[in-house]
Amino acid sequence: MGGVQRQAAAPLGLGIEGREDPALSGDGRYLASVVERGGRRTVLLQERQSGRLLSLRHLGGQQPHSSPSLSWNGRYLAVVVQQGTRRLALIEDRATGARHPLYLPGDLEPERLSLAPDGRRIALELLDQGRSQVEVFDLSALLEPDLAPGQALGGPSSPGAGRP
């Protein structure tokens, strides 16, 4: 039987050891990872085939970064950023250039996150007075779906979905 085949990311000049928190888009085209630059952790987005780095409009001013997550086609990049003394979950829409900060109630602060491939939901590991909890938030009123090719807008449970 065949095993897992290693497929290294295209080099960034930082070496493999310089990357942390890898996240692939659902289609495998993009790789987001955290690297340390100038003593600060920052997210880099890379096109896997060419190795080309892609610019991120809204992440340069807020560092450090952690826990990147990409939607199916890489339209949305969600990441935890430091804003002053608090952490904030932030989503960048690469298609429109929009910045979507997720302000949480009370003293909740995101520690890690995972964006659903379609961009409709996000799971956040939250810290509340030293205790960790996980909550899922609906983003369907905030973000357009980022669907795999041929996927129906209503998803697999919509009428007619999956029929020839």
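In which order do the four strands of the open sheet that includes S1 run, and is the pairing parallel or antiparallel? The order is S1-S2-S3-S4, and the pairing is antiparallel. Strand S1 (19-24) and strand S4 (53-54) are the edge strands, and each pairs on one side only.

This is a predicted model: local features need pLDDT of at least 70, side-chain atom pairs count only at pLDDT 80 or more, and totals for chains, interfaces and linings use all residues. Residues are numbered from 1 along each chain as its sequence is written, and side-chain values use heavy atoms, with hydrogens and water left out.

**Terms for the sheets.** Strands (E, at least two residues) are DSSP runs, numbered from the N terminus. Two strands pair if DSSP finds at least two bridges between them. Strands of a sheet pair through backbone hydrogen bonds, either parallel or antiparallel.

Strand S3 (residues 40-47) runs antiparallel to S4, and two bridges join them. Leucine 45 has leucine 54 in S4 as its bridge partner.

**The sheet S5 to S8.** Another open sheet has four strands in the order S5-S6-S7-S8, with antiparallel pairing. Strand S5 (65-70) and strand S8 (99-102) each have a single partner strand, so one side of each lacks a neighbour in the sheet. Neighbouring strands here are turned by 25 degrees against each other on average, direction ignored. That angle is taken between axes, which are lines fitted to C-alpha atoms.

Strand S7 (residues 86-93) pairs with S8 in the antiparallel sense, over four bridges. Five residues lie between the strands of this hairpin, and glycine 97 takes a positive phi near 85 degrees. Leucine 90 stands opposite proline 101 in S8.

Residue pairs across the strands:

| Residue | Partner | Strand of partner |
|---|---|---|
| leucine 45 | leucine 54 | S4 |
| glutamate 92 | arginine 99 | S8 |

In S8, His100 and Leu102 form the covered face. Arg99 and Pro101 form the uncovered one.

**A charge over a ring.** The charged end of arginine 94 sits over the ring of tyrosine 30, 4.9 Å from its centre. The rule asks for NZ of Lys or CZ of Arg within 6 Å of the ring centre and within 35 degrees of the ring normal.

**Confidence.** The protein chain averages a pLDDT (the predictor's confidence in each residue, from 0 to 100) of 83, and 79% of the residues score at least 70. Over residues 156-164 the pLDDT is below 50. Beyond near neighbours in sequence, this stretch has three contacts in the model, a contact being heavy atoms within 4.5 Å. Where pLDDT is low, the predicted coordinates should not be read in detail.

Terms used:
Axes are lines fitted to C-alpha atoms, for helices over the stretch in contact, and angles run from 0 to 180 degrees between N-to-C directions. Buried means under 20% relative accessible area, exposed over 50%, partly exposed in between (1.4 Å probe, protein chains only).
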